[in-house]
Amino acid sequence: MHWRYVPYVIPLIITAIGVAGLALFVRRRRSVPVTRTFALFMFAVAAWLLGYALELGSVDLSWKLLWAKLQYLGIVVVPSVWLAFVLQYTGRKKLLTRRNQALLAIEPLLTLLLVGTNPFHGLVWSSIAPRAVGTLLVLEFEYGLWFWIHATYSYTLLLVSTWLLFCVFTRARHPYRAQAGLLLIGALAPW
């Protein structure tokens, strides 16, 4: 496995370490019920960031593709766990029944299976080719049908989460309004 210095890798790795550290810090606060869910969300974000950094820094195409696939361990977890966190934060924890949690896990697990078996069906990526961008070698994907299904599912969960946070923000009183506002700003970043 060969590595090339890419300026984008350092900030991604630093951010991944910071996010993982925040997850560990939050996880220690077990007295607050939502900490476990938020820590899982942060670990998923860290895995996504680290996978992308390793993809960018890899020179060999086979390693780039491996890191692109491993990013999905974080990518598929983020929308579902974020929704679970928001439901807990907004007082809708009763909606997180075992049945609903299992339903939320179906699409991410299926996506991971399809990412791992993509060479046989092309449902996630119909083609993958290297492309030089300056001195950087990146993977260029043509997306298959399942990629768009996953993207629609993920953005739907993010939209629902954002709406729930917005509703809490508009109804909350100080100091909870500021807290909800910060979460809403964070939720708006992907948009």
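Modeller: Rings of Phe, Tyr and Trp count as a pair if their centres lie within 6.5 Å. Please bear in mind that this is a predicted model.

Biologist: How many aromatic pairs does the structure hold?

Modeller: There are 13 aromatic pairs in the structure. In one of them, the ring centres of Phe-41 and Trp-82 are 4.9 Å apart and the planes meet at 40°, so this pair is tilted.

Biologist: Which helices do Phe-41 and Trp-82 lie in?

Modeller: Phe-41 belongs to helix H2 (residues 35–57) and Trp-82 to helix H5, so the pair ties together parts that are 41 residues apart in sequence.

Biologist: Is Phe-41 buried or exposed? And Trp-82, buried or exposed?

Modeller: Phe-41 has a relative accessible area of 12% and is buried. Trp-82 is buried as well, with a value of 7%.

Biologist: Which residues do ring pairs link into a cluster?

Modeller: The cluster consists of Tyr-72, Trp-125, Phe-141, Tyr-143, Phe-147 and Trp-148.

Biologist: What lies over the face of Phe-169?

Modeller: That is Arg-177, at 4.5 Å from the ring centre of Phe-169.

Biologist: Changing topic: where is the place of Thr-111?

Modeller: Thr-111 sits in helix H6, which covers residues 98–116.

Biologist: Why is Thr-111 classed as buried?

Modeller: Its relative accessible area is 1%, and buried means under 20%.

Biologist: What does Thr-111 touch?

Modeller: Leaving aside residues up to four places away in sequence, Thr-111 touches Tyr-72, Val-76, Trp-146 and His-150.

Biologist: Which other residues of H6 are buried?

Modeller: Besides Thr-111, the buried residues of H6 are Leu-104, Glu-107, Pro-108, Leu-114 and Val-115. The elements that cover them include helices H3, H4, H5, H7 and H8, together with strand S1.

Biologist: Where in H6 does the kink lie?

Modeller: The kink is at Ile-106, shortly before the proline Pro-108, and amounts to about 30°. From its first C-alpha to its last, the 19-residue helix H6 reaches 27 Å, close to the 27 Å expected.

Biologist: What share of the residues is buried?

Modeller: Buried residues account for 41% of the 191 residues. Among contacts between residues at least 6 apart in sequence, 64% join residues at least 24 apart.

Conventions:
Residues are numbered from 1 along each chain as its sequence is written. This is a predicted model: local features need pLDDT of at least 70, side-chain atom pairs count only at pLDDT 80 or more; totals for chains, interfaces and linings use all residues. Side-chain values use heavy atoms; hydrogens and water are left out. Helices (H or I, at least four residues) and strands (E, at least two) are DSSP runs, numbered from the N terminus. Buried means under 20% relative accessible area, exposed over 50%, partly exposed in between (1.4 Å probe, protein chains only). Contact means heavy atoms within 4.5 Å. The expected span of a helix is 1.5 Å times one less than its number of residues. The bend at a residue is the angle between axes fitted to the seven residues ending there and the seven starting there. Rings of Phe, Tyr and Trp (its six-membered ring) pair if their centres lie within 6.5 Å; planes under 30 degrees apart count as stacked, over 60 as edge-to-face and the rest as tilted. A charge sits over a ring if NZ of Lys or CZ of Arg is within 6 Å of the ring centre and within 35 degrees of the ring normal.
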